[in-house]
Amino acid sequence: MKFSSKKSVLFFSCIVLAIFFSSCKKDDSLSYWNDNAPAKKALTEYVESVTKKGSADFIPVKDRIAVFDLDGTLFCETDPIYFDWILYTQRVLDDENYKNQATEEQIALANDLREAMKTRNLSEDLEGRHAALMPQLFKGLTVEEFKDYIRAYKKQDTPGFKNMKRGEAFYVPMVQVVNYLVENDFTVYICSGTDRITVRTQIEDVLPVDESHVIGTDNTLVATAQGETSGLEYVFTNDDDVVLGGKQISKNIKMNKVSVLAQEIGRKPVLSFGNSSGDASMANYVINKNPHKSLAFMLLCDDTEREYGNIPKAEKMKSACEKNGWIPISMHDDWKTIYGDGIEKK
C-alpha cells in the first residue's frame with residue numbers, strides 16, 4: 001500500500017491522536033465517587049499495587065478475595081430499618097396468608113419493630129428476637145417459593161424515598177466498587193447478618209456475585225416429609241423438595257463472620273468492607289497477620305441530606321477506624337450520589 005506524503009502525515013497524525021486520547025481517557029469505574037475522596041484514592045492505589053506484575057505487593061489472582069457486609073455497606077438499612085426486619089412485620093401483620101396463624105410472641109415483636117420504625121430507636125433485644133422468630137414465618141416453603149416471596153417484596157415502593165423500590169436500595173458507589181474489583185480479578189463474597197437465601201435474592205441482577213459466594217445467617221433446610229427426623233436418619237425421596245425448616249442454625253455477625261469465612265473460603269480475604277461493630281471482627285481478621293497487603297474499609301452513616309444518617313453513630317465509627325487502622329468511607333463527603341439520579345429522600 002502506497003501513501004502520498006500528505007496522506008501519510010494525516011494517517012500517522014490520526015494514530016498519534018488516537019493513542020494520546022486513549023492514554024488520557026479518564027477511568028470512570030468509580031465515577032460516583034468524588035475525585036478527592038481519600039477512600040477512593042486508598043482503594044485504587046491498593047488495587048494498582050497488588051495487580052501489577054513485578055510489584056512487591058503483587059497478589060496472585062487466586063488470593064484476591066474481597067468480603068462485603070450487606071446492610072449499611074452495599075444496601076440501605078435506614079428505610080426505616082433493615083430489609084428483612086420490615087419483611088418480618090409485613091408477614092406477621094399484613095400477609096393474609098399468614099397473619100391469622102401468627103403467635104402472640106411473633107405479633108409482639110412485629111409491633112415492637114413497627115414502633116422502632118417510627119422512632120428510629122432500636123432496642124438491643126430486637127436483633128436476637130428477630131433472628132430467633134424470623135425462620136418460623138416461612139417454615140415449609142420451598143427455597144424457590146421463598147425466593148419468589150422476596151422478589152415480590154422487592155417490588156414494593158420504599159416509604160422513605162421517591163422513585164425507588166425496596167429491591168433498588170443499593171448504594172451505587174459501592175456497586176461500582178464491587179464491579180471494579182471483579183474487573184481486576186478479585187473474587188467477591190458477601191458476608192451478611194441477613195438470611196443467606198434472602199441475600200442471594202436481594203442481589204439478583206445487581207451484583208456480579210455468584211450465589212455460592214453469598215454467606216449469611218443460616219436457618220435449617222429439610223425434606224418435605226422429614227418432620228423431626230434427624231438428617232442422619234432420613235433419606236431424601238423422589239417426592240421430596242427442600243423446604244425451610246423453621247429453625248435458626250447461626251446468626252452471622254461479629255466473630256461468627258470470621259468463623260464462617262475461614263470455613264467456607266479456606267483463604268484469608270485481603271479486602272473487607274463493613275459499616276458497624278458487627279463487622280469489626282471481620283475487618284480485624286482481614287488486616288491482621290495477613291500474608292498479603294490488606295485493607296479494611298468502614299462506611300460512615302454521616303449523610304442526613306440524601307440519606308437517613310446518624311451523626312453520633314458515624315462519629316463513633318470514625319473513632320473506631322482511627323483506633324483499629326480501618327479506612328473510613330464518608331457517605332456525605334466521598335460520594336457524588338447515593339442511589340443514583342431521580343431518587344430523593346422524602
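This is a predicted model: local features need pLDDT of at least 70, side-chain atom pairs count only at pLDDT 80 or more; totals for chains, interfaces and linings use all residues.
How many helices and strands does the protein chain have? I found 12 helices and 9 strands, taken as DSSP runs numbered from the N terminus (H or I, at least four residues, for helices; E, at least two, for strands).

Residues are numbered from 1 along each chain as its sequence is written, and side-chain values use heavy atoms, with hydrogens and water left out.

**Burial.** I looked up the 346 residues of the protein chain, and 47% count as buried (under 20% relative accessible area, 1.4 Å probe, protein chains only).

**Helix H5.** I then turned to H5 (residues 126–133), where Leu-126, His-130, Ala-131 and Leu-133 are buried. These buried residues pack against helix H3 (83–93), helix H4 (104–119) and strand E5 (242–250).

**Cores.** A nonpolar core is a set of buried Ala, Val, Leu, Ile, Met, Phe, Trp, Tyr and Cys residues joined through side-chain atoms within 4.5 Å. The largest one has 72 residues, and Phe-68, Met-174, Leu-181 and Leu-271 have the most contacts inside it. A second, separate core has 12 residues, including Ile-65, Cys-191, Val-258 and Leu-261.

**Met-174.** I set aside neighbours within four places in sequence and listed the contacts of Met-174 (heavy atoms within 4.5 Å). Among them are Trp-33, Phe-68, Leu-74, Phe-273 and Trp-335.

**Overall span.** Along its principal axes, the C-alpha trace spans about 85 × 50 × 45 Å.

Key
Buried means under 20% relative accessible area, exposed over 50%, partly exposed in between (1.4 Å probe, protein chains only).
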